[in-house]
Amino acid sequence: MKKLENLEISNSFVKLGADFLQEKLPEPVSSPYLIDSNPAAIKLIGLDIAEVKKNEFLEYFSGNRLLPNSRPLAMAYSGHQFGSYNPRLGDGRGLLLGEIKDQYNNTLDIHLKGCGPTRFSRGFDGRATLRASIREYLGGEAVHGLGIPTTRSLAVIGTGELVHRETPEPGAILVRLSDSHIRFGSFQLLHFTKKSNKVTELLNYIIKRHYPTIQNESDKVQLLLRHVVKRTAKLIALWQANGFIHGVMNTDNMTITGTTFDYGPFGFMDRFNPNFTPNHSDPNGRYTYGKQPEIGYWNLSKFGETLGHLVDSQLIAEELANYQKIYNDDYRALMGKKLGLDIHDAEFKELVNNLFQLLYTSQVDCCLFFRHLSKLPNNFPETFRKNFKDPQTLDSWISMYIRLIEREDPDLNVRKEKMDMINPKFILRNYLLKNATDKAMKEADFSEVERLRILLEDPYSDRPELFTQYGINPEHYSAETPASSIEMQLSCSA
Ligand code: AMP
Ligand code: MG
C-alpha cells in the first residue's frame with residue numbers, strides 16, 4: 001500500500017497538446033476539510049487507508065498541493081446539449097490530475113471537479129456546491145454497487161468557501177476516478193473545427209489505451225466504433241433494467257468507454273413511469289427514462305459523424321445499426337435475470353410486457369416489487385399486494401409468472417438467492433440523498449453520507465453487524481419513497 005507521495009502519476013493525455021487541452025493548476029482553497037472518503041476506491045488505487053487521516057490528503061485532493069509528477073489539465077470538448085450543438089464546452093471547473101494504475105493494473109484517470117476556473121469556464125466560477133458534489137460522490141458509488149460501469153468516487157472535500165448559486169452554499173471538490181474522461185464531445189470539437197488529423201490522433205490515443213487488441217488492424221477505426229456502440233448499448237440496457245435515469249445525456253456526458261459519467265440531476269425510478277426525468281431543466285422530456293435507449297443511439301450517431309474522414313458512411317451506418325440488437329439482447333437477458341427465468345420465448349415477452357403495463361397502471365414501488373418476486377411462487381407479501389389498485393390484475397399476472405417459473409422447475413432456494421443478487425433491496429432514492437445533503441449543508445453532519453456510501457456498496461444484502469455499527473436501520477432505507485417525494489426533480493449544474 002502506497003503513501004500519497006508514492007502514487008505514481010503519469011500524464012499520457014497531456015502529450016496530445018494544445019488542441020485537446022489547457023494545462024492549468026487548481027486554484028487553492030482556504031480551509032479544506034474531509035466530507036467523506038471511500039475506502040473501496042482508496043484500496044482500488046493502492047493507497048494506504050491511513051493516508052486519508054493526514055492533512056496532506058486534503059492538501060493534494062483539494063488542489064492546494066500537486067501530487068508528484070502530476071500535470072493538471074482541463075480537457076477541451078464541445079457537444080450536443082439537449083439536441084443543440086454547443087461549440088464551446090470543455091472542463092470549466094474540473095481538472096485531470098493524471099493517470100494512475102489501479103490494483104488490477106488498469107489505468108484510471110484522477111480528476112478533481114470544482115477546483116477553479118479554466119479557459120473553458122464561460123464566465124462561471126469553476127466551483128461546485130457541496131450539495132452537487134455529494135450527489136455525484138454517492139451516485140457513482142450507488143451505480144457501481146449495482147454492477148454498472150461508472151466513474152468512481154475517491155473522496156469529497158469541502159473547500160471552506162461559499163459558492164454563489166440561487167443562494168450562497170458551501171463549496172466542495174469531488175475526487176473522481178474514471179477509466180476515461182474522453183467524451184463523444186471530445187471528438188465533436190475536433191470534427192466541427194475541421195481538425196480531422198486531430199480526430200485521428202485522438203482515435204489512436206484511445207485505441208492504444210482502451211482497445212489495444214485492435215491496434216494493428218487495418219479497419220481499426222471501424223472496429224473502435226463497433227466497441228463504442230456495443231459498450232454504450234450494454235450500458236443503457238443496464239440503466240433501463242435498474243431504473244436508472246441519467247438526466248443529462250448530452251454528448252459531452254457520454255464517454256468513449258461506455259461508463260456512466262457526470263451525475264447531475266440523476267435518479268432512480270420510484271413508480272414505473274417512462275415519461276419521468278429527474279431533470280427539472282428538461283421541460284420537453286428529452287432525457288426521460290423511456291427515451292434513454294434511443295438517445296443513446298442518437299448520441300452514437302453524432303460520434304459516428306466525426307469518423308467520416310476515416311470510415312465509409314455506409315460502414316458507419318452498419319455499425320450503428322448493431323446498437324438496437326445488442327441493446328435488446330442485453331435488456332432481455334437482464335429482465336430474465338430479474339425475473340429468475342432462463343427461457344426467453346414469446347410467453348416470456350408477453351409476461352414482461354404485461355409486467356410493465358401492470359407497474360404503470362398500479363403505480364407501486366418498482367424496486368420493492370422486483371425484490372418481492374424472489375418470494376414467489378409461495379410467499380408474495382399480502383401487505384404489498386394491497387398496494388395494487390387492482391389486485392386481480394396482479395393475481396393474473398402472478399399466475400402466468402408462476403406457470404413460467406414451474407415450467408423451468410428451478411431449485412427455489414437457488415432461484416431466490418440469484419434473484420436477490422440482481423434485484424437490490426436498497427437504491428439511492430433522491431429523498432434519501434437529499435436528507436444526506438441537507439444534513440451536510442445545514443448541520444455539517446456527514447454521517448448520513450457515510451451511511452449511504454456503506455449501504456450502497458452492497459445494495460443486495462443486509463449486513464447486521466455493520467448496520468448496527470453505523471446506525472443503519474434497513475427498514476428505513478428499504479422503504480418506499482414517501483408520497484411527497486416521489487419523482488423528485490433537480491436542476492442542472494449546481
Ligand atoms: P455539466 O452540466 O456539469 O455537464 O456542465 C456543462 C458544462 O458547463 C461543462 O463544460 C462544465 O465544465 C461547465 N460548467 C458547469 N458548471 C460550471 C461552473 N460552476 N464553472 C465553470 N464551468 C461550469
Ligand atoms: Mg458534463
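Analyst: The protein is divided into domain 1 (4–184) and domain 2 (341–409). Those bounds come from an automatic or database domain assignment. This is a predicted model, where local features need pLDDT of at least 70, side-chain atom pairs count only at pLDDT 80 or more, and totals for chains, interfaces and linings use all residues. Residues are numbered from 1 along each chain as its sequence is written, chains are lettered from A and ligands numbered from 1 in the order in which they are written, and side-chain values use heavy atoms, with hydrogens and water left out.

User: What distance separates the centres of domain 1 and domain 2?

Analyst: The centres are 43 Å apart, taken over C-alpha atoms.

User: New topic. What coordinates the magnesium ion?

Analyst: Asn253 (OD1) and Asp262 (OD) coordinate the magnesium ion, ligand 2, at 1.9 to 2.3 Å. Donors are N, O and S atoms within 2.8 Å of the metal (3.2 Å for Na, K and Ca); water is not among the atoms, so sites may look incomplete.

User: Are asparagine 253 and aspartate 262 buried or exposed?

Analyst: Both asparagine 253 and aspartate 262 are buried. Buried means under 20% relative accessible area, exposed over 50%, and partly exposed in between (1.4 Å probe, protein chains only).

User: How many salt bridges are there in the whole structure?

Analyst: A search finds 35. A salt bridge is a side-chain nitrogen of Lys or Arg within 4 Å of a carboxyl oxygen of Asp or Glu. One of them pairs aspartate 91 with arginine 183, at 3.3 Å from N to O.

User: Where do aspartate 91 and arginine 183 lie?

Analyst: Aspartate 91 is in the loop between β5 (84–86) and β6 (94–101), and arginine 183 is in the loop between β10 (168–178) and α4 (184–192), so the pair ties together parts 92 residues apart in sequence. Helices (H or I, at least four residues) and strands (E, at least two) are DSSP runs, numbered from the N terminus. Aspartate 91 is buried at 4% relative accessible area. Arginine 183 is buried too, at 2%.

User: And which residue does lysine 234 bridge to?

Analyst: Aspartate 330, with the closest N and O atoms 3.0 Å apart. Lysine 234 sits in helix α6 (residues 220–241) and aspartate 330 in helix α8 (residues 313–339), so this pair links parts 96 residues apart in sequence. Lysine 234 is partly exposed, at 32% relative accessibility.

User: Which residues do shared partners join into one network?

Analyst: Lys3, Asp48, Glu51 and Lys54 are joined by salt bridges that share partners.
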